[in-house]
Amino acid sequence: MHRAKILASLLALALLTAGAAFGQADFSKYVALGDSLTAGFSSGSINRNFQVNSYPALLYRQFTGNTTGFEQPLVSAPGLPGILTLQRLAPTPQIVPSAGSGQPLNLNLQRPYDNMAVPGARVHDLLAKTASTSAGDPTDLILRRTSFTQLQQGLSLRPTFVTLWIGNNDALAAATSGIVNDQTLTPLASFEADYRAIAGAIAASGARFAVANIPNVTSIPFVTTLTRFIPNPATGQPAIINGSPVPLLGPNGPLQAGDFVLLTASSVLAQGFGIPTALGGNGQPLPDSVVLSAAEAATIRDRVNNYNAVIRAVATERNAAFVDANTVLQNLATGGISVGGVTYTGAFLSGGVFSYDGVHPTAFGYAYIANLFIDAINDKFGTDVEPVNLFPFVFGTASATAALQLDSAAAGNVWGVPFVFTSEARRNLLQSLGVPKSIVDGDTKPAPRPRRPRRGNRA
């Protein structure tokens, strides 16, 4: 009998040890850290209509079964800044920011928010930034000038579980501004040091956590929607001259294979920039700020791959669940995903996943992301969290989703009609994405062509 007791004790100890090693997660206090993708930002705005279905809010509901108790820095409609809207369909669809701005709804919460994500934040900001640094910077909305960083405030809540999705803006600013340098694209060594410090702090708190990597920002609709060829005004498709499409004029001459024309180029294209005078344009090139060259795009992709290698390594070292958002986005861009008989793609306006800003997801997109996190968490920690029911997001019984999907279906380039993304919408969006103020405020108009010297001055 004594031996049987020993064996029973050893068996119980083995089971306890296996359970600990397997890492069952405790979701009793969940905190989300990150940037605009974690904040529930959509169509260029922080807006309660989308925040209530941010992926952290959805995760909390699935973790706990509760619909209240997870605090976010909610903003009333039309959001901050004003949400991008489809102003008209004909003759040319036009996207503009809505008039006015929303107001914070729970700014006086007597503790840090559970969703601490700050739109525009980079990796270093989680460790160092405590206040807004420019107009349009929403940091004060979330951190409320407490002199504590996003990371410090989040961990002060003593979370048992944390999600971390950060690093998107370390590459996104380069893609959306068309300017690739150390100001818009974080050096790898700095990224790695900061990311390791963040993950180390979370691990030291005792919380389990899940991380997501960075999508290839050169494959989002903001970058891929517009063609590098001169469009036919009647169809939106490349105009064919002498049997071939004619490339647009970029900062360094005709655009080449692999070059991208950014979504924000639509307003200057409508003014005739990038189009030779013989074809109805003004003959002036597109500005560098709305063009991403093949070399620049390759630099960004390489840097993102290096960032993602760091994130995956840290996830392994810290025993964190890992979400491969990069691969999912690539699959979306190449083949689409089918849910409930509806196919979603990476197409701008008509794909159903990306909102009017061409960067952030729709309500459906955020619900899909929540399920990616749930899958990764269940696989890593042996939990049994139920996935988010996508039915209301697919078929539009959620009002915000319905409105967005109906607009998307109507506004998509179904007829090949070009659209205009106004200069005001461009400015609001770039500010919210954390593009450096010097670039947002810079002159985006193409430089005038050099004048020919007067005859009297010729040698």
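This is a predicted model: local features need pLDDT of at least 70, side-chain atom pairs count only at pLDDT 80 or more; totals for chains, interfaces and linings use all residues.
Me: At what angle do α9 and α12 pack, and how far apart are their axes?
Reply: Helix α9 (residues 188–204) and helix α12 (residues 294–317) pack at about 25°, with their axes 10 Å apart. Helices here are DSSP runs of H or I, at least four residues, and strands are E runs of at least two, numbered from the N terminus. The axes are lines fitted to C-alpha atoms over the stretch in contact, and angles run from 0 to 180 degrees between N-to-C directions.

Me: What does that make α9 and α12 relative to each other?
Reply: They are therefore roughly parallel to each other (under 35 degrees; over 145 is roughly antiparallel, 65 to 115 roughly perpendicular, the rest oblique).

Me: Which residues in α9 meet α12?
Reply: Leu 188, Phe 191, Glu 192, Tyr 195, Arg 196 and Ala 199 do, and their partners in α12 include Tyr 307, Val 310 and Ile 311. Contact means heavy atoms within 4.5 Å.

Me: New topic: how many salt bridges does a search of the whole structure find?
Reply: It finds 7, each a side-chain nitrogen of Lys or Arg within 4 Å of a carboxyl oxygen of Asp or Glu. In one of them, Arg 111 pairs with Asp 114, the closest N and O atoms being 2.9 Å apart.

Me: Is Asp 114 buried or exposed?
Reply: Asp 114 is buried, at 1% relative accessible area, whereas Arg 111 is partly exposed at 27%. Buried means under 20%, exposed over 50%, partly exposed in between (1.4 Å probe, protein chains only).

Me: What about Asp 140, which residue does it bridge to?
Reply: Asp 140 bridges to Arg 145, with the closest N and O atoms 3.1 Å apart. Asp 140 is partly exposed at 23%, and Arg 145 counts as exposed at 55%.

Me: And where do Asp 324 and Arg 312 sit in the chain?
Reply: Their salt bridge has its closest N and O atoms 3.9 Å apart. The pair links distant parts of the chain, 12 residues apart: Asp 324 lies in the loop between β12 (321–323) and α13 (325–334), Arg 312 in helix α12.

Note on methods. Residues are numbered from 1 along each chain as its sequence is written. Side-chain values use heavy atoms; hydrogens and water are left out.
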